[in-house]
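Hi,

Here is the structure I said I would pass on. Have a look at it first, and my notes follow below.

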Amino acid sequence: MIRLYLVTDRRLVPDLVPAVRAALLGLPPGVAAVQLREKDLPAASLLDLAARLLPICRAASAPLLINDRVDVAHAAGADGVHLPSRGLPVPQARALLGPRRLVGISCHAPDEIAAAHRDGADFALFGPVWDAEFSR
């Protein structure tokens, strides 16, 4: 069971690949997942970074999830995708990735969690960071 969800940000941690390796090295296998969340990278650069992180994640039994880029998740052979609440709908992501890959989604309100479950998401991250009126 995933107990720790690591989210990348190379602006905060420029040496991302060694940092992910170090973070996972200190954890029991299978307790963490890594979300590659580098929104500013073009597809080719994101794919390259995913390819460098995938063996590190596999060695730690940590699923590698690509933020909002089903195409990159598929091309990299990543374990799945993490969708923003207003991104590609879960059913379409599932159709593209197949039943064996994970599809997660960000939710900011209880009704979004119910919709994620109904739509077949494997997991939902709940983060009411902003007032619902402000975020809409």
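How many salt bridges does the count come to? The answer is eight, and bear in mind that this is a predicted model.

The side chain of R10 meets that of E38 at 2.8 Å, N to O. R10 sits in the loop between β1 and α1 (16-25) and E38 in the loop between β2 and α2, so this pair ties together parts 28 residues apart in sequence. R10 also forms a salt bridge with D40, at 2.9 Å, N to O; here the partners are 30 residues apart, with D40 in the loop between β2 and α2. Through shared partners, R10, E38 and D40 join into one network.

Are these three buried or exposed? E38 is buried, at 4% relative accessibility, R10 is partly exposed at 26%, and D40 is exposed at 54%.

Another salt bridge joins D119 and R118, with the closest N and O atoms 3.8 Å apart. D119 is partly exposed at 33%, while R118 is exposed at 62%.

Now for the sheet. Six strands form an open sheet in the order β1-β2-β3-β4-β5-β6, with parallel pairing. β1 (4-7) and β6 (123-126) are at the edges with a single partner strand each, so one side of each has no neighbour in the sheet. β5 (residues 102-107) pairs with β6 over four bridges, and I105 has A124 in β6 as its bridge partner. Helix α4 (residues 90-97) packs on the sheet, touching β4 (80-83) and β5, and its direction makes about 160° with that of β5.

Cheers

Key. Residues are numbered from 1 along each chain as its sequence is written. This is a predicted model: local features need pLDDT of at least 70, side-chain atom pairs count only at pLDDT 80 or more; totals for chains, interfaces and linings use all residues. Side-chain values use heavy atoms; hydrogens and water are left out. Two strands pair if DSSP finds at least two bridges between them. Helices (H or I, at least four residues) and strands (E, at least two) are DSSP runs, numbered from the N terminus. Contact means heavy atoms within 4.5 Å. Axes are lines fitted to C-alpha atoms, for helices over the stretch in contact, and angles run from 0 to 180 degrees between N-to-C directions. A salt bridge is a side-chain nitrogen of Lys or Arg within 4 Å of a carboxyl oxygen of Asp or Glu. Buried means under 20% relative accessible area, exposed over 50%, partly exposed in between (1.4 Å probe, protein chains only).
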